[in-house]
Amino acid sequence: MKRGIVLGLLLTAGALSLWAAGFQNPPAAGQRRGGGGGQQAPQPLEIQKVKDNLYQILGGGGNTGVFITDTGVVVVDTKNPGNGQAILDKFKTVTDKPVTMIINTHTHNDHVGSNEQFPPTVDIVAHENTKMLMEKMDNFKGDKAKFLPKRTFKDKMTIGKGKDEIDLFYFGPAHTSGDAWVVFPAIRAMHSGDAFAGKSTPIIDANNGGSAAQYGKTISKAASTIKNVDVIITGHAMTTMTPADLKEYADFNNDFITWVQGEIKAGKTAEQAAMEFKMPDKYKGYTVSTFLGGIQGNVSLAYKELAKK
């Protein structure tokens, strides 16, 4: 049976690798979300007020945060290519201030794709691993390298002060190896990027350092460390979330790994385990994501990582 498990891991890991490679450089525009080159036609966007001087812009890729400071606008994630002007148009309905900073929560193209549509003088900030991964993307080759992050951090960075303060945190691998958590302490709000994209099975990009085994631990660290928030802008959910939702999501991912460990102990292959997966009743409303191999990709990656321990 162990031989069957190893063979299943090899076969599925190969398929997952091919799938994940497409996440960084996907097919033609409009076929799927993810990283890659090429301009896309702007999609209809919607701006929503989250708190005081914080807004979120939905559509066109990952959720964009708009934080209005005394000196200008901080944009968190720039969606798929071709959405820069649409983002500008949306937040110009609430402020006339210029964009002074972009924060990229991670490397995927639906979060960094429109960096190049903002002035090259704009300060761009990201985790050090995210910059390293972005440097490999076609979007930032040649003269477009000027749209890469200009400043990076390792564990924590504080930008600004008082009501304009922004705290950036890194708690470990989850969606990728560079997921940044963006906190606005004065208004008790946060942007989680795709580490917490919504209430679904996680999207784990192993090719860019994501981890199934560490996912729940990373989310647990975020939930236990970041205490001064009431509302969370997620990577893709159409509504904001709460700290209680984040804690539940950590429990969900930790429970998933416990279940995988049980399947391994029972001698099941990754394929068998994936076919048997059922959403636990306690996580009502959660969905199974189909990105990056879906549940089979998650299970296979977990098997592979746990086999190394």
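Ile159 stands opposite Ile166 in strand E9. The two residues belong to a predicted model, in which local features need pLDDT of at least 70, side-chain atom pairs count only at pLDDT 80 or more, and totals for chains, interfaces and linings use all residues. Residues are numbered from 1 along each chain as its sequence is written, and side-chain values use heavy atoms, with hydrogens and water left out.

Strand E8 (residues 156-159) is joined to E9 by four bridges, and the two run antiparallel. Strands (E, at least two residues) and helices (H or I, at least four) are DSSP runs, numbered from the N terminus. Two strands pair if DSSP finds at least two bridges between them. E8 and E9 form a hairpin with six residues between them. In its turn, Gly160 has a positive phi of about 75 degrees.

Strand E9 (residues 166-169) is covered on both faces. Ile166 and Leu168 lie on one side, Asp167 and Phe169 on the other, and all are buried. Buried means under 20% relative accessible area, exposed over 50%, and partly exposed in between (1.4 Å probe, protein chains only). In a regular strand the side chains alternate between the two faces of the sheet. Three bridges also join E9 to strand E10 (residues 181-184), again antiparallel. Within E10, Trp181 is the bridge partner of Phe169.

These strands belong to an open sheet of five, ordered E8-E9-E10-E11-E12, with mixed pairing. E8 and strand E12 (231-233) are the edge strands, and each pairs on one side only. On average, neighbouring strands of this sheet are turned by 20 degrees against each other, direction ignored. Axes are lines fitted to C-alpha atoms, for helices over the stretch in contact, and angles run from 0 to 180 degrees between N-to-C directions.

A second open sheet holds seven strands in the order E1-E2-E3-E4-E5-E6-E7, and its pairing is mixed. Strand E1 (46-51) and strand E7 (151-153) stand at the edges with a single partner strand each, so one side of each lacks a neighbour in the sheet. The twist averages 20 degrees from one strand to the next. Strand E4 (residues 73-76) and strand E5 (residues 99-103) run parallel and are joined by four bridges. Val75 has Ile102 as its bridge partner in E5.

Ser200 lies in the loop between strand E11 (189-191) and helix H5 (212-225). Ser200 is buried, with a relative accessible area of 14%. Not counting residues up to four places away in sequence, Ser200 touches Tyr249, Phe252, Tyr286, Thr287 and Ser289. Contact means heavy atoms within 4.5 Å.

Helix H8 (residues 294-307) has 14 residues, of which 11 are buried, so H8 is largely enclosed by the rest of the structure. Among the buried residues are Gly294, Asn298, Tyr303 and Glu305.

The mean pLDDT of the protein chain is 89, and 86% of its residues reach 70 or more. pLDDT is the predictor's confidence in each residue, from 0 to 100. Over residues 1-40, pLDDT stays under 50. Where pLDDT is low, the predicted coordinates should not be read in detail.
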